[in-house]
Amino acid sequence: METLATNPASFVLASLLTSYPDQNFENYVGLLLKEEAVNLPESLNSQVEQILQTSDVDDLRSLYIDIFERGQSVNSPYETEYGRHRAMAKGQELGDIAGFYKAFGFELETEGENREILDHVSVELEFYSLLLMKQNYFAENENSEAAEIILDGRKKFLNAHLGRFVSAIGHRPGVVENPYFKEVYGWVSDLVDQECTRLGIQPEKTDWIESQKNEETANCGATCK
């Protein structure tokens, strides 16, 4: 068993970069960029620093809304929007994610206009960073049994959820066409893939199934409007 887990700082930063850029973005991203353990590509690092230094966060908020909220039907940041059988499996998948969160003491913010749904990529990344923090805490305090439980949870969550869909978001048209978010999701996808390799797991990748999305929309009728 690995003694210490990956430094969680990169996953905390990944969560902030893939979420709606609220006050936490302004307060903490700059600090995380200074962390030695964070290895952000130079070009992406420069873009993020420029956003912070020139107070372009409002522009980034508008960009996020255009791509991931107004454009959610084709650029979804939600896990359960990916995969061939998403319509039938959505409830089951959300229940499974909620089970992970409850088992490891992760509580979602339930108030505030910018709160996210539990299968949003930024929420899953934040949860995974919590697992890393917990494993490191137990390892440092020589509680090998608890650390082993956390390690097992990491593997299962990556294999069943986080490791399966992140790369698919990076292939969506709104992301590909935007230089900033293309780099963000390229880095986040690599980060997650490296973690899977480190733990020796190979999640079955999901993708966006355009034909099924069209079928779901057609069958939804007026209730979806």
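Author: The protein chain has 10 helices and zero strands, where helices (H or I, at least four residues) and strands (E, at least two) are DSSP runs numbered from the N terminus. This is a predicted model, in which local features need pLDDT of at least 70 and side-chain atom pairs count only at pLDDT 80 or more, while totals for chains, interfaces and linings use all residues. Residues are numbered from 1 along each chain as its sequence is written, and side-chain values use heavy atoms, with hydrogens and water left out.

The structure holds 17 aromatic pairs, a pair being rings of Phe, Tyr and Trp (its six-membered ring) with centres within 6.5 Å, and with planes under 30 degrees apart counted as stacked, over 60 as edge-to-face and the rest as tilted. The rings of Tyr20 and Tyr64 have centres 5.7 Å apart and planes at 80°, so this pair is edge-to-face. It joins distant parts of the chain, since Tyr20 sits in the loop between helix H1 (9–18) and helix H2 (23–33) and Tyr64 in helix H4 (residues 57–69), 44 residues apart. Tyr20 counts as buried because its relative accessibility is 15%, and Tyr64 counts as buried at 2%, where buried means under 20% relative accessible area, exposed over 50% and partly exposed in between (1.4 Å probe, protein chains only).

The rings of Tyr180 and Phe181 have centres 5.0 Å apart and planes at 75°, so they too form an edge-to-face pair, and both Tyr180 and Phe181 are buried.
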